[in-house]
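Good morning, colleagues. I would like to take you through some ring contacts and a sheet in the model now on the screen.

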Amino acid sequence: MEERLSSAEESHIAAPAADLSVLLINLLKSVLYRDDDERQWAALLNLQARVRDYVAVLNLDLVLDEAEGYAFLKSRPEPADDDPAPRLPRLVARRPLSYPVSLLLALLRKKLAEFDAGGSDTRLVLSRDDIVELARVFLPDGPNEAKLIDQIEGTINKVVELGFLHKLKPAGSTAAGPFSYEVRRILKAFVDAQWLAEFDARLATYQLQLAGVKHAREESGNE
């Protein structure tokens, strides 16, 4: 004689399966932040072993940082040339970044490291003007200041789209006020400490090149 599960038992079994499906779909779409959905974050902590097993079939790894409160999926490293393992197609495509976007990400990462060293808060919030001043030092001067600022704002918007900056609503009731941006802590997973250690040397080299270009322009203008 077969025993049937009660409706309460069936609901208890179905709930984790539904949570797993929601988790997998959302992780395949974007980054999961603890602060954005604490219920889903708790489900991820509870089901992370099953999530890891499932995404491994897709040649993906789950990156979960409980301290910083974020999780995302990334492609597994490709096998070495002498490794007989098959090379699987990438589910998560690589997107080349332009120089201004790469520069701004590095500057924000350095700012985040300095902020963490201060240990005063967990959220780094910068105004639009703060970010513009960070970037403009390392971009070539032009005759049109407004155009340069527009270019930097375009770069800021791309970094927002990538998920490394979160645009905050203006303070007060004025929707047209200046925007501020929270630097997402997931940036630490993409710009590592080794790269950051070499950052000052890279920027110094670039600034020398930039100064050379500026000097050449001035010499050309004086002829």
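**Rings, charges and a sheet**

The charged end of lysine 167 sits over the ring of phenylalanine 179, at 4.5 Å from the ring centre; the criterion is NZ of Lys or CZ of Arg within 6 Å of the ring centre and within 35 degrees of the ring normal. Arginine 184 lies over the face of tyrosine 33, 3.8 Å from the centre of that ring.

On provenance, this is a predicted model: local features need pLDDT of at least 70, side-chain atom pairs count only at pLDDT 80 or more, and totals for chains, interfaces and linings use all residues. Residues are numbered from 1 along each chain as its sequence is written, and side-chain values use heavy atoms, with hydrogens and water left out.

Lysine 167 also has a bridge partner in S6, namely tyrosine 181. S5 and strand S6 (residues 180-183) pair in the antiparallel sense over 4 bridges, where pairing requires at least two DSSP bridges between two strands. Strands here are DSSP runs (E, at least two residues) and helices likewise (H or I, at least four), numbered from the N terminus. The open sheet has 3 strands in the order S4-S6-S5, with antiparallel pairing. Strand S4 (125-127) and S5 stand at the edges with a single partner strand each, so one side of each has no neighbour in the sheet.

Finally, which residues do ring pairs link into a cluster? They are Tyr70, Phe72, Phe164 and Phe190; rings of Phe, Tyr and Trp (its six-membered ring) pair if their centres lie within 6.5 Å.

Terms used: Phe/Tyr/Trp six-rings, centres within 6.5 Å; stacked < 30°, edge-to-face > 60°.
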